[in-house]
Amino acid sequence: MQKTLFKKYLRITSLVIIVSFFLLSFVMLIAISGYWQSEKQDLLRKNAQSVARIAADSVITVNRNEYQVDGMRMQTFILAFADNIDSDIFVTKQNGQILLAAYGSGGNVDSTRRVSAAIMQKALNGGYTAQGTMDGFYDQRYYIVGEPIAVTVNGTPAQIGAVFAAYSVKTFNAFRLDIMKMIILAALAAFAVSFCVIWLFSFRLVQPLRNMAAAARCFGEGNFSVRVPVTSQDEIGQLSVAFNNMADSLASVEHVRRDFIANVSHELKTPMTTIAGFIDGILDGTIPPEKEGQYLRIVSQEVKRLSRLVRTMLDLSRIDSGELKLRPARFDLTGTVLSALLSFEKAIEDKKIEVRGLENAESLFVDGDPDMIHQVVYNLIDNAVKFTNEGGYLEIGIREEPDRTTVSVENSGDGISPDELPMVFERFYKTDKSRSQDKNGMGLGLYIVKTIIRLHGGEITAQSVWHENCRFEFWLPRHKEKTREEQRRLVETRGEEPKADPKKK
């Protein structure tokens, strides 16, 4: 049988309540019994003392120093006292002989019996208190109190007898049993109410966890649409919110994964189909020998395209695994920009693009990873050249500010629509849905660019005027700054020639 959290919590809580009620009832029973017993003994003593005083006042002196009490008067008093406290009260002589008796406890004693000399001696010497049978005087246990009857004759005190008050232990046990029954009934009623409250509370406490478990099972089956209702603001509610946030993240990751598979499948399928088709055409003679060189060049381009796709996916894998680490060094940012720009010389000439902004460019040293920054600039110029219109312009700006160095890449053309602009840095997002212009990309270039810039502590932004231009700008923080004069002096010391300005295209 499965031990659910609900059953465990209910079982443990119920056990704690039962043990608590048992201990509380036990303590209460002992406290009430002790208090009641103490009160009963004090009551017996006070009544015995009262009867002893009345007996002393009722003494009649006779010859030969023998004393006698007014029996009729005393009998009325002890009957009233005995009935009032449900106890036995009897008056004895010095020798233990019973003179008067009243049995309020319901018992009976043989009036011919005598109280033992030892008990009489204790009672006459200041009082007697005990629990027992009074040396066989009773056939069952009693609480017994004895008080002396003291008189004064010719200025001399004397004890002429004693008054005993006794209360049956059996009656006390019956009282204690009644108290125990009441405590048990009250405990059962309280436990029933507590059990219902705890059951309801436990059910409500465990229900969100059950919902989370059910949702987790759905996640395992690939359904990420399930959410857990948030019904409170406590720790369980906070856990539900965190669980839902995790579900949103998983759903997003799953969506990205599916997009990734779809993009990779499409991007890899096209060049592989092209390569396979042309090679098969060459092998089976469909393509004539004089055209083999032309088609082999196409195959070479497709292989390079596959290489770029694989490199991009490897970069993405390094980003996701956290293995993309910086190798900081001080390098010439202007030189990096010019180097990346020269890679697109043929494409720029083919589209008759005018390059602006680098006419008076000077060496500008920054701190960062030269290879990564080269990749950033390369990707930005690649996008700019790709989407620049025929005869348009490409403007690259590098400027130095007090706390940062900024690079901007702007190109003419259709630009990016306002509704797509916020999403250009997301994974696998491509503004050219038809792939008519962006045939070589997977929508990862700008995502990787943003990641690299952030690793350097900088930021990149995109701006666009629809059907006019598009502008990407990033900045790098400045560390251990050197002035332009220091940089120029450094170049001269190394014997390097200043970078030539790029030719306008």
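I started with Lys-8, and I find it in helix H1. This is a predicted model, so I read everything below as computed.

Next I asked myself: is Lys-8 buried, partly exposed or exposed? Its relative accessibility is 38%. Buried would need under 20% and exposed over 50%, so Lys-8 goes down as partly exposed.

Lys-8 gathers with Lys-7, Arg-11 and Arg-210 in a surface patch of positive charge. Which helix gives the most to the positive patch? I noted H1, which spans residues 5-57 and supplies 3 residues.

I moved on to helix H10, residues 445-455, to see what is covered there. My list of buried residues in H10 reads Leu-446, Tyr-447, Ile-448, Val-449, Thr-451, Ile-452 and Ile-453. I also checked what comes after the helix: Gly-457 follows H10, and its phi is positive, near 85°.

I have 11 helices and 14 strands in the secondary structure. The protein has 505 residues, and 37% of them count as buried. For accessible surface I wrote down about 29,100 Å², with 56% of that belonging to carbon and sulfur atoms.

One more entry, on contacts. I took those between residues at least 6 apart in sequence, and 66% of them join residues at least 24 apart.

Notes. Residues are numbered from 1 along each chain as its sequence is written. This is a predicted model: local features need pLDDT of at least 70, side-chain atom pairs count only at pLDDT 80 or more; totals for chains, interfaces and linings use all residues. Side-chain values use heavy atoms; hydrogens and water are left out. Patches are made of residues with over 30% relative accessible area and no salt bridge: like charges are joined within 9 Å, nonpolar side chains (Val, Leu, Ile, Met, Phe, Trp, Tyr) within 5 Å. Accessible areas come from the Shrake-Rupley method with a 1.4 Å probe; for residues, only the protein chains shown count as cover. A salt bridge is a side-chain nitrogen of Lys or Arg within 4 Å of a carboxyl oxygen of Asp or Glu. Lys and Arg count as positive and Asp and Glu as negative; His and the chain ends are not counted. The place of a charge is taken as NZ of Lys, CZ of Arg, CG of Asp or CD of Glu. Helices (H or I, at least four residues) and strands (E, at least two) are DSSP runs, numbered from the N terminus. Buried means under 20% relative accessible area, exposed over 50%, partly exposed in between (1.4 Å probe, protein chains only). Contact means heavy atoms within 4.5 Å.
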